[in-house]
Amino acid sequence: MSPADVARPRRVRALSIAGTDPTGGAGIAADLKSFAAHGAYGMAAVTAVVAQNTHGVRAVHVPDVELLDAQLDAVSDDVVVDAVKIGMTATAQVAQHVAAWLDRERARGRTPVVVLDPVMVASSGDRLLSRDAESRVRALAVRADLVTPNLPELAVLVDEPVAATWPMALDQARRFADRCGTAVLVKGGHLTGPASPDALVGAAGVVEFAADRVATTSTHGTGCSLSAALAALRPVRADWPTAAREAKAWLTGAIAAGDALLVGSGAGPVDHLHHLPALGRRPFTDEVWDEVAAIRSACDALPFVRALGDGTLPLTAFEDYLHQDALYLADYARVLAHASQAAPSPTAQGFFARGAAACLDVEQRLHEARLARADRRTGGVRSAVTRAYVDHLLATAARGSYAEVVAAVLPCYWLYADVGMRLLARAGDLAGHPYGDWIALYGDPEFAARAAQARALVDDAARGVDETQRRLMAEAFVRSCEHELAFFAQSWPGPGRHDERAAGDEAVAPGRVPVAAT
Ligand SMILES: Nc1ncnc2c1ncn2[C@@H]1O[C@H](COP(=O)(O)OP(=O)(O)OP(=O)(O)O)[C@@H](O)[C@H]1O
Ligand SMILES: Cc1ncc(CO)c(N)n1
C-alpha cells in the first residue's frame with residue numbers, strides 16, 4: 001500500500017460507471033461535473049457510447065465487456081475508490097460485469113459507497129436498457145447502498161404499473177427497499193403538478209424533500225447529476241438524509257439556472273456550477289481597474305501630481321495636501337481596523353490591522369517631519385473634499401459588508417502605489433528632490449507589495465459574493481477612486497484646482513482657522 005492510500009484523501013475519490021452524452025448534459029459528463037461541484041475527485045469508466053443531444057438518442061454502441069472490465073480493474077488496481085455511481089448499464093452483460101466488479105472490490109476489503117441510478121429510459125423517451133437486463137439491475141440494487149429510480153423505473157423494479165400518485169410511489173419504494181435491503185431515493189420529477197418532491201425510503205423510515213417544480217425544459221440529466229452528487233457527498237456527510245437534502249437543494253438551483261446555458265434547442269442540461277458564480281470570471285480587481293482607467297489617467301494628468309513629480313509644486317500646496325492627508329489617514333485607519341474586525345481569515349485580519357497601525361505610524365511620521373506647524377499635525381479642519389472621502393469610507397464601514405469595505409479602502413493602496421511607481425520612475429534619482437521622501441514612500445516596491453496583497457484580499461472577498469454584492473463592491477471602489485482624484489486636486493493653488501472646497505468646507509470650529517484661508 002502506498003503512503004497515499006494510508007493518508008486521508010483531501011477529496012472523495014468518486015467513480016462514475018455510466019454511458020456518454022457528447023452534449024455534456026447527461027451520463028458521465030454530467031457525473032464528472034456533479035462530482036466537481038461537490039468537491040470530489042471524479043473518475044469514469046464508460047459502459048456505452050451514446051450519440052445523443054438535447055432532443056434524443058441517435059445511436060448506442062456498447063463496447064465488449066472485456067473493455068469495461070479492463071477499465072474497472074485499471075481503476076481499482078491503482079486507486080482506492082471512496083464512492084461509486086452507477087448509471088446506464090445498457091445490457092444484462094454489462095450489469096452483470098459491474099456487479100462482479102463490486103464483488104471483487106468487497107473481496108479486497110474495499111467498501112465504497114455505491115449509488116445506483118437504474119437508468120432505463122432517457123428523458124426523451126428513448127430506451128437505454130435492454131428488457132432482459134431489468135432483473136440484472138435488480139441484482140445490482142442489492143449490492144448498492146442507495147438506489148435512485150424515477151417513477152417509471154421504480155415501477156419496473158417492483159414489476160407494477162407506474163405509480164399514479166406520490167403516496168403510491170412511496171409505497172412501491174417501501175416495498176422495493178424492503179425486498180433488496182437497500183435505501184431508495186424515489187424521485188418525483190415525473191409527477192404532474194406544482195411540486196417535484198423526492199423521498200428517501202429506508203430502514204429509518206421515510207424522509208421527504210419538498211421542492212417546487214421549476215418551470216423549465218432544462219431537465220436533461222437531472223437524475224444522473226443527482227445520483228452523482230449523492231455519491232460524492234455521502235462519504236463526507238453524516239447520513240443519507242443530510243446528503244440528500246443538500247444534493248436536492250443544489251439540483252433545484254442547477255435546474256433553475258439551466259436555461260441560461262443556451263445549450264441545445266431541446267430539453268437542455270442543468271448548470272452544475274450555478275452555485276459558483278465567480279468561476280471563470282475575470283478577477284474583480286482586473287475588472288474594476290479597467291473601469292477606473294479614465295480616473296487613473298486624470299490623476300496622472302493633474303497639475304498637482306505633475307508638479308509633485310517634477311518638484312515644482314509650491315511647498316505651501318504640498319503642506320496643505322499633507323495636512324488634509326493626515327486628517328484623512330486618522331479616519332482611514334479606523335476603517336482599516338473595521339475591515340480587520342470583520343475579516344473572514346487570520347491573514348486578512350492581520351493585514352488590515354497592520355495597515356491601520358501603519359497609517360498611524362509610518363505615514364504619520366512623514367507628516368510630522370514635514371508639517372512644521374504643530375496645529376496642522378494634530379488637528380485642524382477637514383476640507384469638504386476630505387470629509388466627503390472619509391464619509392464615504394465610514395458610511396461603507398457602517399452599512400456595507402466586509403467585501404464592500406475592502407473594495408472601498410483598496411484605491412488608497414493601489415492608486416498611490418500606481419502613481420508613486422510612475423513618479424519614482426520619472427524622477428529617477430531622488431537626491432535633492434524636494435518631495436523625494438513622499439515619492440520614495442509610495443514608489444517603494446514594499447508599498448507596491450502591500451497594495452498587491454490588498455488586491456488579493458479584495459479578489460478573495462469578491463469570489464464569495466453574489467452579483468449584487470459584486471456590483472456594490474465595484475461602486476464602492478470607483479467612488480473611492482473619484483475621491484482620490486479630488487483629493488490630489490484639492491491642494492493645487494492655480495487653475496485646475498477643484499473648487500467645491502470653498503463652498504463646502506466643514507464648519508469652522510471656534511478659534512480655528514479654516515485650511516483654505518491659511
Ligand atoms: N422541473 C423540475 N423542477 C424541479 N425539480 C425537478 C424538475 N424535474 C425534475 N426535478 C428533480 O430532478 C431530479 C430527477 O428527477 P426525475 O424524476 O426527472 O429523474 P430522472 O427521470 O431519472 O432524470 P433524467 O432527466 O436524468 O432522466 C429529482 O430530484 C426531481 O425532483
Ligand atoms: C448516458 C446517459 N445516461 C443517462 C441518461 C438519462 O438522462 C442519458 N440520457 N444518457
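This is a predicted model: local features need pLDDT of at least 70, side-chain atom pairs count only at pLDDT 80 or more; totals for chains, interfaces and linings use all residues.
Residues are numbered from 1 along each chain as its sequence is written, chains are lettered from A and ligands numbered from 1 in the order in which they are written. Local features need pLDDT of at least 70 and side-chain atom pairs count only at pLDDT 80 or more, whereas totals for chains, interfaces and linings use all residues.

The domain assignment, automatic or from a database, gives domain 1 (3-261) and domain 2 (284-517). The centres of the two domains, taken over C-alpha atoms, are separated by 56 Å. UniProt, in an unreviewed entry, places the feature "domain: Pyridoxamine kinase/Phosphomethylpyrimidine kinase" at residues 21-271; such annotations may be inferred rather than shown by experiment. Over residues 21-271, the chain is 40% helix and 17% strand (DSSP runs of H or I, at least four residues, and of E, at least two, respectively).

Helix H5 spans residues 134-143, of which Arg136, Val137, Leu140, Ala141 and Arg143 are buried (20 or more other C-beta atoms within 10 Å of their own, C-beta atoms being placed from the backbone). Viewed down the axis of H5, these buried residues fall within an arc of 155°, so they line one face of the helix; the arc is that of the directions from the helix axis to the C-beta atoms. An α-helix has 3.6 residues a turn, so residues three or four places apart point the same way. The cover over the buried residues of H5 includes strand S4 (83-86), helix H4 (92-107) and helix H7 (166-180) (contact: C-beta atoms within 7 Å).

Around ligand 1 lie 24 residues, of which Asn150, Lys187, Gly189, Thr222 and Gly223 come nearest (a residue is near if its C-beta atom lies within 6 Å). Helix H8 (222-233) and helix H9 (240-256) are the elements that give two or more residues to this shell.

Methods:
A residue is buried if 20 or more other C-beta atoms lie within 10 Å of its own, exposed if 12 or fewer, and partly exposed in between; C-beta atoms are placed from the backbone. Two residues are in contact if their C-beta atoms, placed from the backbone, lie within 7 Å.
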